[in-house]
Amino acid sequence: MQLVRLLERILTGAARPFSPLSRSVLVVAILTFLAGATFFKSAIAAPVNIDEMSWVDRSLKPLWGPPYDDLDFFYAVHHPSLSRIVYRTVLHAQGVYEVERPLVDYHKAPQWNFDRGAFPPYGVETALRYVNVAFLCGMAAFVYLGLRRILGNRALALAGCLPIFFNVPINNGACGYLGTDSMLLFWLAAFWYAWLLARGRGFFATLGLAVVGGLLVSTKVNGAFALVAAAAYFAASSRGYKRVVLPATLLVVPAAIFYALDPIYHGGGAGRVIGVMHETVRIMLALKAQTLSREWAQYARLDLLKESFPYWFFWLPALAVIVSARREKWFWPTAAWAGANVVLNWVLIYVPFLRYAAPMSMSFLVLFGATGLRLVADTYREATGADAGGSGAGGGRP
Amino acid sequence: MTTATVVIAALAVVVFWKSAAVATRNRVLGAFVVLPLVANIPWVKQWPAITDALTLLVSAAVLWAWLYARQEGIRKRRRAYFLAAACVLVMPEALLLPLAAVAIEGWRQKRTLPLTTTVRACALLAAVAALSYLVIHPLAPPAALAGFWEKLKYGAAWDGRFWIFSGTDSLDVYRLSSTYGAYVWWPLLPAFLALGWRSRRESWFTPLWSWGAIVSVLTLGLVAEPVFPSCPPLQAAMLLPFGAAAVARLETEFPAFFRHFTRSRGAGDASEAQ
C-alpha cells in the first residue's frame, strides 16, 4: 500500500521523491530504454525494403550539380532535399561514396530484384536505419517536452509518450524504412513544440517557428499541412498588423528555406522555379496514375481511412475527450496541428502504406495524450479528492 | 445464404442502434454512436456467415433486453427474461452472456429483487439452453453434451474474423487490418474509462458497460489472436459503452446544443441517479 500511495502521489504531482537532476536522468533513462526496446529493435529486425537501394543511390548522387539524366531529375524533385543531405552526410562520414549494386527495376517482382543484388549492403543499410532511430528518438523527446509543458507532470508526460513508442505505423512503417518519414516525424514534433513555445510571443518567436517549418517542408512536402494550419492559427489569434505579418512569415520563410536547400530550383529565376514545380506535379501525378493502375492499389477513401488511421472507429468518444480541453491555451495550436496532419494526409494518400499513416497516428496520439491524460488526472482528482499541489496535470505552462 | 447473413447483420445493427438510442435518449445520437459499426460490416461480401451474424444479433438482443428491463422497471423485467430465453433458444451456445446479465442485475438490485427470482431466471435460461441443444438442434446429439462447455465458452467468445476474412472476394483492406491486431485501442482506453467513470450514475451505465466488459473479456481471453478491425462483436462491445459515455460528456460540455437533441430524463434515470 505504501508503494501504491507513493505512485499515486507521484502521478498527481504531490510527491517528488527525487531531486530535479535525478528526475531528469530518470526520464532520459526511461526514454532511452523505450527507444531501445522499440525503435532500435525495429530498425534491426525490419526486412529489406525494395525502395532502400533507391534511397542509397539518390543520397550518393551529387546534390549541387546539375541533373545529368532523367533519374537525377526524378531524385531531385521526388522528395525535398533535406533527407538526402542527412543520409549523404552519414554515408560520407562512413567513407561510403559509391555502392556497386544494381538499381531496382520496379517493373519486376521484388524477389527478382533481390536475386540480382538490388539492395544496399548491410553496413550501409544499418547505418541509415540508425539515422532513422536517432530522428525518432528526437521526435519522442519533443513529444515528451510538449506533454510535460502541457500536463506539468513528468510521469504523465512519459505515459503520454508510450503509445508513440509502441505505435505500429511508426515502428513497422517509418523506423525500418530508408526515406523521409522518420525525419518528417521528427520535424513535425519539433514544429509542434516550437508552436507551443511561440504562441503569443511576438515576431521573433514566430520567425523561429518558421525556420523549423522550413526544415519541415524541406524534408517532405506533407509538412506543409502543419505550416498552413499554423498560418491560419496566427491569422485568427493575432491582433493588428500581426494578423498579416505572422502568417506571412510562416509562409515566406519556409518557402525561402525550401528553395535554398533544393538546388534543382536554382539558376533560372522565377521561370525556372515554376517550370520545375510544374514538372514535379506532372511526375507525381504520373506516379499516382501508375500506382493506381495496379490491382493491389484499389482503395476507396473510407478503406484508406480504416487502414491508415484505425482510431477513426472511436471518433465520437475521442471527440468527447478532445473537446473537453478546448478552453486550455495550448489546445488550439495542438488541435490545429494534429487536425491538419490527420485530415490532409488522409485526403492526400492513395495507398495505405504504414509509413504514410505514421504522421497521422503520431499527431492524433499527441493530441489525444494531452487531452486524455488531463481528463484522466482531473477525473482521478475528483474521485479521490487528491490535491495536485498546483503542479499536477493542467498545472503546466500554457 | 448471403442475403440471410446480410439481413441478420442488419437486424443486429438495428438492435444496437435501438440500444444506443435508449442510452443517448435520441435516435440521431444513437445513429452517430453505431455509425462506425455500420461502416465496418462487410455488407457487399459474397460469403454466407449466418452463424457469425446470428451471434451478433443475439448479443445485441441480450443488450437491448438488459437495457429495456433497466429502463422500464420491474414490470417489464419478465419480458426481458423471455427475450433472453428466446435468444438462448435460438443460440444455446450464447448462454453465458444472458446468465451473466441476470446474475449481475440480480446482485446489483439485491435489496429489491429476491434472490430466488434471480436463481429462477438463471435456471430457466439454463433449461431453455439444454432444451434447445438437445431437441431443437438435431445436429447436436445428446452424446455431445460433454462438449457443451467448450461450445458455451466459444459461443460467448465472439470472433468475426471468419466472416470478414473468408471468401475470394475478401478485400485486401480486410486482410491488412490485421496489421493493427486486437489492441489498437489501448492508448485510448484510460481516457475512455475516465469518460465512463463520469457517467457511472446514468441508468444505462451498468447494463451497457457490463455487457461490453463481458463480451470484450471473453473475446480477448478466449479467441486466439482476435483482430479488432475485423471483429464486429468486439467493436460493438467497445463502441456502445464508450459512445454513450461520450454523448453524456458532450451533453455537459455543450448543453445548449444538445438541448435540441435530447428529451428530458425518464423515470428510470431518476431512480438510478440516487
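Biologist: To begin, where does Ser199(B) lie?

Modeller: This is a predicted model. In it, Ser199(B) sits in the loop between α10 (189-198) and α11 (205-222) of chain B.

Biologist: Is Ser199(B) buried or exposed?

Modeller: Ser199(B) is buried, because 21 other C-beta atoms lie within 10 Å and the cut-off for a buried residue is 20 or more.

Biologist: Which residues does Ser199(B) touch, leaving out those up to four places away in sequence?

Modeller: On that basis Ser199(B) is in contact with Phe205(B), Ala245(B) and Ala248(B).

Biologist: And how far is Ser199(B) from Ala12(B) in space?

Modeller: The C-alpha to C-alpha distance between Ser199(B) and Ala12(B) is 25 Å, and 187 residues separate them in sequence.

Biologist: What about helix α12 of chain B; what length does it reach?

Modeller: Helix α12 of chain B covers residues 232-253, 22 residues, and reaches 30 Å from its first C-alpha to its last. That is close to the 32 Å expected at 1.5 Å a residue.

Biologist: How many residues of α12(B) are buried?

Modeller: In α12(B), 20 of the 22 residues are buried, and the helix is mostly covered.

Biologist: Turning to chain A, how many helices and strands are there?

Modeller: Chain A has 18 helices and 0 strands. Its radius of gyration is 22 Å, close to the 21 Å from the globule rule for 398 residues, so chain A is as compact as a globular protein of that length. The C-alpha trace of chain A spans about 70 × 50 × 45 Å along its principal axes, and 45% of the residues in chain A are buried.

Biologist: At what angle do α16(A) and α18(A) pack?

Modeller: They pack at about 70°, with their axes 8 Å apart. That angle makes α16(A) roughly perpendicular to α18(A).

Biologist: Which residues make that contact?

Modeller: From α16(A) they are Ala318(A), Val321(A) and Ile322(A), while α18(A) provides Leu367(A), Phe368(A), Thr371(A), Gly372(A) and Leu375(A). By class, the residues of this contact are 6 nonpolar, 2 polar and no charged.

Biologist: Finally, how many residues does each chain give to the contact between A and B?

Modeller: Chain A gives 30 residues and chain B gives 30 residues. On the side of chain A that touches chain B, α15 (301-308), α16 (315-323) and α18 (354-384) each supply at least two residues.

Biologist: What is the make-up of that side by class?

Modeller: The side of chain A that touches chain B has 24 nonpolar, 3 polar and 3 charged residues.

Conventions
Residues are numbered from 1 along each chain as its sequence is written. Chains are lettered from A and ligands numbered from 1 in the order in which they are written. This is a predicted model: local features need pLDDT of at least 70, side-chain atom pairs count only at pLDDT 80 or more; totals for chains, interfaces and linings use all residues. Two residues are in contact if their C-beta atoms, placed from the backbone, lie within 7 Å. Helices (H or I, at least four residues) and strands (E, at least two) are DSSP runs, numbered from the N terminus. Ala, Val, Leu, Ile, Met, Phe, Trp, Tyr, Cys and Pro count as nonpolar, Asp, Glu, Lys and Arg as charged, and the others, Gly among them, as polar. Axes are lines fitted to C-alpha atoms, for helices over the stretch in contact, and angles run from 0 to 180 degrees between N-to-C directions. Angles under 35 degrees count as roughly parallel, over 145 as roughly antiparallel, 65 to 115 as roughly perpendicular and the rest as oblique. The expected span of a helix is 1.5 Å times one less than its number of residues. A residue is buried if 20 or more other C-beta atoms lie within 10 Å of its own, exposed if 12 or fewer, and partly exposed in between; C-beta atoms are placed from the backbone. The radius of gyration is taken over C-alpha atoms; the globule rule is 2.2 Å times the number of residues to the power 0.38.
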